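Trainee: I would like to take a close look at a single part of this model, with the criteria behind each description stated as we go.

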Amino acid sequence: SDKGWVEYDADQTKKIETAYGDDKKEVKIDSERYVDLDGMLQRRYDDPSKRRRVKRILPPIFDKDVFYLLAPTKKEREELEGMIDDHNGLISATINSSVTFIVAKNKKALSGKPFQTANPNRLKIPVVS
């Protein structure tokens, strides 16, 4: 019976991630199965039509880092928010001492009133653009 998503063990995960990083087309899981990295499917050697979807779960890159966003458009802000959220980061509505990074789409954003009023240089918050 299907148990839903089941994680590969640490050795299999390392093997899959290494193959994925090396742009391989497939990687052997065991004597019966392999992962088709192009289709992100687990398949059987004896019957490739039998398959299961494979999903990659990325490690939390930002690990609770707090970001303040200076994005000029709603679309750009939504893109940044999605990326930060996907990687376990947090977003602050204000510039304060809990902010670990300020993300500015361009240098012009750094001259805006919210940025100047908060004086992030005093808080020693790095600006990423």
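Trainee: Which backbone nitrogen does the side chain of aspartate 36 reach, and at what distance?

Mentor: The side chain of aspartate 36 reaches the backbone nitrogen of aspartate 38, at 3.0 Å; a polar contact here is a pair of N or O atoms within 3.5 Å, where within protein one must be able to donate a hydrogen and the other to accept it, and residues adjacent in sequence count only if both atoms are side-chain atoms. Before going further, note that this is a predicted model, in which local features need pLDDT of at least 70 and side-chain atom pairs count only at pLDDT 80 or more, while totals for chains, interfaces and linings use all residues. Residues are numbered from 1 along each chain as its sequence is written, and side-chain values use heavy atoms, with hydrogens and water left out.

Aspartate 36 belongs to strand β2, where strands (E, at least two residues) and helices (H or I, at least four residues) are DSSP runs numbered from the N terminus. Its relative accessibility of 15% makes aspartate 36 buried, a word used for values under 20% relative accessible area, with exposed meaning over 50% and partly exposed in between (1.4 Å probe, protein chains only). Setting aside neighbours within four places in sequence, aspartate 36 is in contact, that is, has heavy atoms within 4.5 Å, with Lys25, Glu26, Leu41 and Arg43.

The strand itself can now be placed among its partners. Strand β2 pairs with β3 in the antiparallel sense over four bridges, pairing being assigned if DSSP finds at least two bridges between two strands. Within this pairing, arginine 33 stands opposite arginine 44 of β3. The hairpin of β2 and β3 has four residues between the strands, and in that hairpin methionine 40 takes a positive phi near 50 degrees. Strand β3 also pairs with β4, again in the antiparallel sense, over three bridges, and leucine 41, which is listed among the contacts of aspartate 36, has arginine 53 in β4 as its bridge partner. The hairpin formed by β3 and β4 has six residues between the strands.

A search of the whole structure finds three aromatic pairs, where rings of Phe, Tyr and Trp (its six-membered ring) pair if their centres lie within 6.5 Å, and planes under 30 degrees apart count as stacked, over 60 as edge-to-face and the rest as tilted. One of them joins tyrosine 34 and tyrosine 45 in a tilted arrangement, 4.9 Å centre to centre with 35 degrees between the planes. This pair links distant parts of the chain, since tyrosine 34 is in β2 (residues 33–36) whereas tyrosine 45 is in the loop between β3 (41–44) and β4 (51–53), 11 residues apart. Tyrosine 34 counts as buried because its relative accessibility is 10%, while tyrosine 45, at 36%, counts as partly exposed.

Another pair is stacked because the rings of phenylalanine 67 and phenylalanine 101 have their centres 5.6 Å apart and their planes at 20 degrees. Phenylalanine 67 lies in β5 (residues 66–70) and phenylalanine 101 in β7 (residues 101–104), so this pair ties together parts that are 34 residues apart in sequence. Phenylalanine 67 is buried at 6% relative accessibility, and phenylalanine 101 is partly exposed at 26%.
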